[in-house]
Amino acid sequence: MAEKRVDPEDGTAYTWDELSQFYKGKYKKKEVEAYWEACKPAKRAKSKAKSKAEAEPKAKTKAKAKAKASAKEAEPKAKAKAKVKAKATAEPKYKVKAKPKESKPPASFKVCVCGGCGGIGQPLAMLMAMDRNVGELCIYDLNISPMPPAGVAQDLVHLERKCTVKGYIGEVGQPPVKFMEEALTGCNLVLIPAGLPRKPGQTRDDLFKVNADIAKGIVEACAKYCPEAVLAMIVNPVNSIVPAMAELYKKKGLDPMKIIGVTTLDVVRANKFVGEETGKNPNFISVPVIGGHAGTTILPLFSQDKAGKLLPAEKVPDMDKHVQDAGTDVVNAKNGKGSATLSMAYAGARFGSAILSGLSGRKRTECAYCASTVTDIPYFAQKVVLGPKGIEKVLPLGELNEHETKRLAEVKEQLKGEVETGLKYAEANSLE
């Protein structure tokens, strides 16, 4: 049986594999190893130590019988073993002091899911209700949604979790600011999987015109009731919506870095596909995905991951394309009756959880689409450090290989126009 140790954050016993998988990507391997050493062994482990202590007298009795024949030879070996045991037991005690800050209790944040009754919203709300850092969860949607927000909230409140859940409803044609004061006041994180899905034959510009107004209404309410909250945008087209909303925030005198585009699904897909190709566990794969969140603007940097490096050079272009077209693959598999809702909810919850961890003082690194100066495109997806204020640092792209350098030029060419669409919208509009 694998040894289990108690994680002081939740008081639950985990094996090394379980603990390392949970903290993968959140801390460096050495930090996780140090944290493991700091965790106290579960009770079962202590009973084993006790049984060993009980077994020692029997071993000593046998040793005494042999000692009559070779007493001088046995003594040095016994001393050597005692020294080894002393050293082994002494090391964990030293490492316990190395990382005391990891024993922080879970925080209790307020989170609102806007569009929480839709295909992405409902599973996203459920996953956030299960997050240890969520103390209060609000579900907001319109009166034409497939399910009333109060119904979704009543369903989720039965989960075996500490957070409270409430539903709030808005009216079609009315500004959200009229209905969201209670839902948003005191919020730390607002997840926005709102807006309409792209219809067959509809251009991204057509979709933008509709969804930009929807996003603007919600962002306007956030600016009034929770201006310090982080807004995680899952409104398509993200490449244009995020610049538009961030610039509107800037015009309002608020921090544009609070507006973040969720591109985590591209990372999740890249990790999964590399795992399938290489036979590696995707939980231990972390492929950075930069650029944007649509089509050719999606650029996975396989060369920056240990497993990704194992891909044969001739397979990289196809794998790159596979990540770009993954959303279309889901739409086709659903016969046009739906899009990537469940995987998007998973990715949104992963990103939301990382934001809350950062807000609680446990910094996390994730890829995200935001205002950026790492390239000549003003909005770009790259690794960012999430901390107590949201995005604390935008990281450089790192070293790119020949394929990635060539693709980066294509990404920037396509993304430039999509960002410009968002900037023009912000110039023509303002938040009230």
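Lys412 is partly exposed, with a relative accessible area of 25%; here buried means under 20% relative accessible area, exposed over 50%, and partly exposed in between (1.4 Å probe, protein chains only). The model is predicted, so local features require pLDDT of at least 70 and side-chain atom pairs count only at pLDDT 80 or more, while totals for chains, interfaces and linings use all residues. Residues are numbered from 1 along each chain as its sequence is written, and side-chain values use heavy atoms, with hydrogens and water left out.

Lys412 forms a salt bridge with Asp376, with 3.2 Å between the closest N and O atoms. This pair connects distant parts of the chain, 36 residues apart: Lys412 belongs to helix α13, and Asp376 to the loop between β12 and β13 (379–387). Asp376 counts as exposed, at 59% relative accessibility. Helices (H or I, at least four residues) and strands (E, at least two) are DSSP runs numbered from the N terminus.

## Other salt bridges

The count comes to 12 salt bridges, each defined as a side-chain nitrogen of Lys or Arg within 4 Å of a carboxyl oxygen of Asp or Glu. In one of these, Glu366 pairs with Arg350, the closest N and O atoms being 3.3 Å apart. Because Glu366 lies in strand β12 (residues 364–371) and Arg350 in helix α12, the pair ties together parts 16 residues apart in sequence. Glu366 is buried at 12%, whereas Arg350 is partly exposed at 28%.

Lys250 and Glu247 also meet in a salt bridge (3.4 Å, N to O). They are three residues apart in helix α8, and therefore separated by about one helical turn. Lys250 is partly exposed, at 44% relative accessibility, and Glu247 is buried, at 18%.

## The buried face of α10

In helix α10 (residues 316–324), the buried residues are Val316, Met319, Asp320, Val323 and Gln324. Viewed down the helix axis, they fall within an arc of 145 degrees and so line one face of α10; the arc is that of the directions from the helix axis to the C-beta atoms. These residues pack against α9 (264–278), β11 (298–300), α11 (326–333) and α13 (402–428), contact meaning heavy atoms within 4.5 Å.

## Backbone features

Most residues other than glycine have a negative phi, and most peptide bonds are trans. Asn335, although not a glycine, has a positive phi of about 55 degrees. Asn335 is located in the loop between α11 and α12 (342–359) and is exposed, at 62% relative accessibility.

Asn236 and Pro237 are joined by a cis peptide bond, with omega about -5 degrees. Pro237 is placed in the loop between β8 (230–233) and α8 (238–251).
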